[in-house]
Amino acid sequence: HTAEAVAVPDAIQALVQSAGTAHPGLATGAAVTGLVMTAGVGVLQKGLTPAGIANAFALGTLLYGAFGAGGFSLLCLYFLFGTAVTKVKLEQKQKEGIAEARSGRRGPGSVWGSGSAGAFCALAALATGDYSLWQIGFVASFTSKLSDTVSSEIGKAYGKTTYLVTNLKLVPRGTEGAVSVEGTLAGLAAAAAYATVALVIGQTSPSDAVLVTAAAFLANVFESYLGAVVQGKV
């Protein structure tokens, strides 16, 4: 083989080099996201509908483009952990009528419900070039969403006593706005673990990791409050 025949094409070399930078841009984000999702399509199909996968591609492109491999890794971790916890005691949840629809497979609404704030932070970072500020917002948004998902799903699966945040009235598991000790602690632990991973891979600082964890816990409580006050009356 000649040197030319075995040489890596310039375009691939450029992609690899760009993919390793902190803020690769949308073209690299789309290329890497496409490759990763193609390789992991079997896993994606367990947690997302076809339309959900298509929308997840757009979200992944934005996050990789703005925050690089570290930001994309946090998205993947959110998806894997969120999907896994949704399926905890799934049959029991289904019998009680409190399981997520489609056996926990998420559609476009869930993708953007979880990722819209992070996507906004990515767009803002790309538009302004102020990556450090918007990166904190991105990490905080997914930490909060994961904490909420874990709190809800573990509460549905293992919550022994559930009550409304507004008046501490005992209610059945799965009631909008209901919280449990088990779910609340699990949500806090998930937030702390997620923020720690973000710290380890360089997506946040130690002080911001603590702040993000606290903010996620407070957001979780506030969302339960809103659920009790607003959603429960719809």
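**Figure 1. The bend in helix H7 of the predicted model.** In this predicted model, helix H7 covers residues 108–128 and bends by about 55 degrees at Gly115. Gly115 is also one of the buried residues of H7. An α-helix has 3.6 residues a turn, so residues three or four places apart point the same way. The partners of the buried H7 residues are helix H5 (50–86) and helix H8 (131–158), against which they pack. After H7 comes Gly129, which has a positive phi, near 80 degrees.

**Figure 2. The crossing of helices H2 and H3.** Helix H2 is formed by residues 10–19 and helix H3 by residues 26–39. The two pack at an angle of about 100 degrees, and their axes are 10 Å apart. Because the angle falls between 65 and 115 degrees, H2 counts as roughly perpendicular to H3. On the H2 side, the contact is made by Leu15, Ser18 and Ala19. On the H3 side, Thr28, Ala31 and Val32 meet them. By type, the residues of this contact are four nonpolar and two polar, with no charged residue.

Figure 3. Thr33 is a residue of helix H3. With a relative accessible area of 1%, Thr33 is buried, because buried means under 20%. Two backbone atoms lie within reach of the Thr33 side chain. One is the backbone oxygen of Gly60, at 3.3 Å from the side chain of Thr33. The other is the backbone nitrogen of Thr61, which is 3.4 Å from a polar atom of that side chain. Gly60 and Thr61 are also among the residues that Thr33 touches when those up to four places away in sequence are not counted. Phe57, Tyr64 and Phe72 complete that list.

Figure 4. Neighbours within four places in sequence are left aside in the contacts shown here. The residues then in contact with Thr204 are Ala195, Ala198, Leu199 and Ala209.

How values were computed:
Residues are numbered from 1 along each chain as its sequence is written. This is a predicted model: local features need pLDDT of at least 70, side-chain atom pairs count only at pLDDT 80 or more; totals for chains, interfaces and linings use all residues. Side-chain values use heavy atoms; hydrogens and water are left out. The bend at a residue is the angle between axes fitted to the seven residues ending there and the seven starting there. Helices (H or I, at least four residues) and strands (E, at least two) are DSSP runs, numbered from the N terminus. Buried means under 20% relative accessible area, exposed over 50%, partly exposed in between (1.4 Å probe, protein chains only). Contact means heavy atoms within 4.5 Å. Axes are lines fitted to C-alpha atoms, for helices over the stretch in contact, and angles run from 0 to 180 degrees between N-to-C directions. Angles under 35 degrees count as roughly parallel, over 145 as roughly antiparallel, 65 to 115 as roughly perpendicular and the rest as oblique. Ala, Val, Leu, Ile, Met, Phe, Trp, Tyr, Cys and Pro count as nonpolar, Asp, Glu, Lys and Arg as charged, and the others, Gly among them, as polar. A polar contact is a pair of N or O atoms within 3.5 Å; within protein, one must be able to donate a hydrogen and the other to accept it, and residues adjacent in sequence count only if both atoms are side-chain atoms.
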